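Subject: Structure handover, with notes on what was found

Dear colleague,

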Amino acid sequence: LIEGQAGIGKTSLLAAAMQLATTRGMAVVTAAGAVLERDFGFGLVRQLFEPVVAGAPETERHRLMGGAARLAAPIVALDNLDFREGPPVDQPAVLHGLYWVLANLADSAPLLVSVDDIQWADTPSLRFLNYLAHRLEGMPVLLLGAVRAGEPEADIPMIGELLITPGVRALRPAPLSVDGIGSLVRDILGEPADRAFV
């Protein structure tokens, strides 16, 4: 879990990890929290799984949604989106089903799950991330997330629980030093810059 202030480079680190994962033959699913979507139950989870499930050929879709993963159909199966009373919010069976969708995805290739802006995630999706973090032992899955520190509207207890989950490591990037900024400017401009400019 990459934690830090706005602009520190969290999203860039996620992008670099996704590029590296892709070049190493890993499958990648990605999502990002958004302030305007915080009230959309399982919005973050839908970003992770709907494109994969919707884009899969029918036989692959059946494999992904087979077994216990069927419990997640009300959330990620596109033909089940007509909810009369709204989608299930955080039923344990749904969380278990989402776990199995992910496990079925990881059967085909090692999987990177990249989640940006966790501080703006909806509560059901945060519950799923916590549920998942406790169950990754021995799976070919890397869960990588980024969270903005000090966000007043964040679900601090839920994010705190994620941070103290066994196996979760917190990365807190430091700001660039003057020498680091000089190196970055040199890489971008192709020549060294005056120290006052840096």
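**Helix H2**

In helix H2 there is a kink of about 35° at Phe49, shortly before the proline Pro51, where the bend at a residue is the angle between axes fitted to the seven residues ending there and the seven starting there. Please keep in mind that this is a predicted model, in which local features need pLDDT of at least 70 and side-chain atom pairs count only at pLDDT 80 or more, whereas totals for chains, interfaces and linings use all residues. Residues are numbered from 1 along each chain as its sequence is written, and side-chain values use heavy atoms, with hydrogens and water left out.

Helices (H or I, at least four residues) and strands (E, at least two) are DSSP runs, numbered from the N terminus. The end C-alpha atoms of H2 are 18 Å apart, which agrees with the 18 Å that its 13 residues should span at 1.5 Å a residue, the expected span being 1.5 Å times one less than the number of residues. The buried residues of H2 are Gly43, Leu44, Val45, Arg46, Leu48, Phe49, Glu50 and Val53; here buried means under 20% relative accessible area, exposed over 50%, and partly exposed in between (1.4 Å probe, protein chains only).

**Salt bridges**

Four salt bridges are found in a search of the whole structure, each being a side-chain nitrogen of Lys or Arg within 4 Å of a carboxyl oxygen of Asp or Glu. Arg46 and Glu50 are separated by about one helical turn, because they stand four residues apart in helix H2 (residues 43–55), and both are buried.

Another salt bridge joins Arg172 to Glu3, with the closest N and O atoms 2.9 Å apart. This pair links distant parts of the chain, since Arg172 sits in the loop between helix H7 (156–163) and helix H8 (178–189), while Glu3 belongs to strand S1 (residues 2–4), 169 residues apart. Arg172 counts as exposed, at 55% relative accessibility, whereas Glu3 is buried, with a relative accessible area of 17%.

**Cavity and pocket**

On a 1 Å grid over the protein atoms alone, a cavity is a set of points where a 1.4 Å probe fits but cannot get out, and a pocket is an open set with protein on both sides within 12 Å along at least five of seven lines; lining residues have an atom within 4 Å of a point. Grid points are joined across faces, edges and corners, and a volume is the space filled by probe spheres set on the points.

By this rule there is one cavity of 30 Å³ or more, and the largest cavity has a volume of about 30 Å³. Its lining includes Gly43, Leu44 and Gln47, along with Trp120, and H2 provides the largest share of that lining, three residues.

The largest pocket holds about 520 Å³ of space. Its lining has 24 residues, of which Leu142, Leu143, Gly167, Val168 and Arg169 lie nearest the centre. Strand S4 (141–148) is among the elements that give two or more residues to this lining, together with helix H1 (10–23) and helix H6 (123–133), and S4 gives the most, with five residues. By class, the lining of the largest pocket has 18 nonpolar, three polar and three charged residues, where Ala, Val, Leu, Ile, Met, Phe, Trp, Tyr, Cys and Pro count as nonpolar, Asp, Glu, Lys and Arg as charged, and the others, Gly among them, as polar.

With best regards
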